[in-house]
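Subject: Handover of a structure and notes on it

Dear colleague,

Please find the structure below for your records.

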Amino acid sequence: MSKGRSPGEGEFPLEPQPFRLGLDSLIEMLRKIFSGKFRILSIGGGGKGKYIIIIIALLVIVYNAMLEYVEPNEYGIKVVRIGANRGVHDEVYGTGLHFVLPFGIQQMHRLPRDMQVLELTNYPKTASRFSRIKKAAHIQTSDGFFVDVDVSILYRIVDPYRVFVSIGPGTLFEDNGIIPKAEPALKTTLGELTTEEFYNSFLRVEKTVLARDMLNHELNPKGIQVDHVLVRYFRYSDEIQKNIEEKKLKDQLVFKNQAEARAATEEATLKKIIEEGKVSVAVEMESGQAYVTRKNSERDRYVRTKKAEADLLVKLAEAEKVKLKNNALQGRGSERIVGLKMADVYKGLDLIILPSDGRGGVNPLDIGSTLRLFDVRK
């Protein structure tokens, strides 16, 4: 058996705990059986049935008086009132049946193992039926207004022995543990916000995290761990709520007008950029067209120049040809060439009628006269 803690050293009174089931009724039943005033059904063997009933009754008494069942979602803490190891034992009992001496000598106290929820709300119907419900946190903001905040605090017991010896048995971990610490922590952290900042979810979450850390700083040494602090809803007084809503609507209207003004400015800027883009495109298109025109004119001028140079060369060649031909015709033997050409002309003639007498007569049989006619030199 683990070493106990004496009742004088504890921070809470150890109250006597009665038996859970009908021990007195069982004792009365046994007294009647032995006195013959209690009739029982006959079980084979005559009086053997009486002893079977007695044995069953004794087993029931032992089970109810000396065995305690700790459920799966519970911790068990044993307290010894009489004996050498008097006090609270630091051993934590898990799920199952555990031996406990009756008649107040020993007691088994139970603490919850699963997640616990503390609901601070003015609307109990919205809270979980498995949670502990208290009034909503009444918090004064940094600018002097009061607000009722619905908060859910999720926590659990991580060290039942420390909870038992520092706070107490039963539900004292709620009444003397989490509940007295919850609202002051929320007032300290959420009270730093202004009325308008309460509507900023990021700031609220930041402050609830601070509240959780503050609660853990207070409760971790006592065996309690706070996992989450969640703001579910908050409400100001009707007049303040109305003023805040009106102000919010006005602010939203101002933001809307500012946004529309910015949108109009951006739209005008966009139109200006589009027009400037169109002008730039037109300028670039004109520049491109001028470039094409200039290049086409340069091409045409180049073609004309080269064509003119070629024509000049051709003309010069033809003139040179004529010159050379004329020179050839004026040289020695040119008369014979003329005569030969004229003779070629005669080849195509079938009949020529010419005068044969007189000064201009032509006698084709007179070769000499014919040569003289065509001025052919010897």
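The notes below begin with the protein as a whole and then turn to one helix pair and several individual residues.

This is a predicted model, in which local features need pLDDT of at least 70, side-chain atom pairs count only at pLDDT 80 or more, and totals for chains, interfaces and linings use all residues. Residues are numbered from 1 along each chain as its sequence is written, and side-chain values use heavy atoms, with hydrogens and water left out.

Overall content

The protein has eight helices and 10 strands; helices (H or I, at least four residues) and strands (E, at least two) are DSSP runs, numbered from the N terminus. Of its 378 residues, 26% are buried, where buried means under 20% relative accessible area, exposed over 50%, and partly exposed in between (1.4 Å probe, protein chains only). Among contacts with a separation of 6 or more, 69% are between residues 24 or more positions apart; a contact means heavy atoms within 4.5 Å.

The pair α4 and α5

Two packed helices are described by the angle between their axes and the distance between the axes. Helix α4 (residues 172-190) packs against helix α5 (residues 201-219) at an angle of about 140 degrees, and their axes are 9 Å apart. Axes here are lines fitted to C-alpha atoms, for helices over the stretch in contact, and angles run from 0 to 180 degrees between N-to-C directions. The two helices are therefore oblique to each other, given that angles under 35 degrees count as roughly parallel, over 145 as roughly antiparallel, 65 to 115 as roughly perpendicular and the rest as oblique.

The crossing of α4 past α5 is right-handed. A crossing is left-handed if the near helix is turned anticlockwise from the far one by less than a right angle, and right-handed if clockwise. On the α4 side, the contact includes Gly 177, Ile 178, Lys 181, Ala 182, Ala 185 and Leu 186; on the α5 side, the residues include Arg 204, Lys 207, Ala 211, Met 214 and Leu 215. By class, this contact has 10 nonpolar, four polar and four charged residues. Ala, Val, Leu, Ile, Met, Phe, Trp, Tyr, Cys and Pro count as nonpolar, Asp, Glu, Lys and Arg as charged, and the others, Gly among them, as polar.

Ala 185 lies in helix α4 and counts as buried, at 4% relative accessibility. Not counting residues up to four places away in sequence, Ala 185 touches Ala 211, Met 214 and Leu 215. Ala 185 and Asp 213 are 28 residues apart in sequence, with their C-alpha atoms 9.3 Å apart in space.

Lys 222 is placed in the loop between α5 and β10 (224-236). Its relative accessible area is 26%, so Lys 222 is partly exposed. Leaving aside neighbours within four places in sequence, Lys 222 is in contact with Asp 159, Arg 162, Val 163, Ser 166, Ile 167 and Lys 181. Between Lys 222 and Arg 162, 60 residues apart along the chain, the C-alpha separation is 5.4 Å.

Gln 107 is in strand β5 (residues 106-112) and is buried, with a relative accessible area of 2%. A polar contact of 3.4 Å joins its side chain to that of His 109. A polar contact is a pair of N or O atoms within 3.5 Å; within protein, one must be able to donate a hydrogen and the other to accept it, and residues adjacent in sequence count only if both atoms are side-chain atoms.

Met 115 occupies the loop between β5 and β6 and is partly exposed, at a relative accessible area of 39%. Beyond four places in sequence, Met 115 touches Leu 154, Tyr 155, Arg 156 and Asp 227.

Val 117, in strand β6, is partly exposed, with a relative accessible area of 21%. Not counting residues up to four places away in sequence, Val 117 touches Ser 131, Arg 132, Ile 153, Leu 154 and Tyr 155.

Glu 119 also belongs to strand β6 (residues 116-120). With a relative accessibility of 6%, Glu 119 counts as buried. The side chains of Glu 119 and Arg 232 are joined by a polar contact of 3.1 Å.

Yours sincerely
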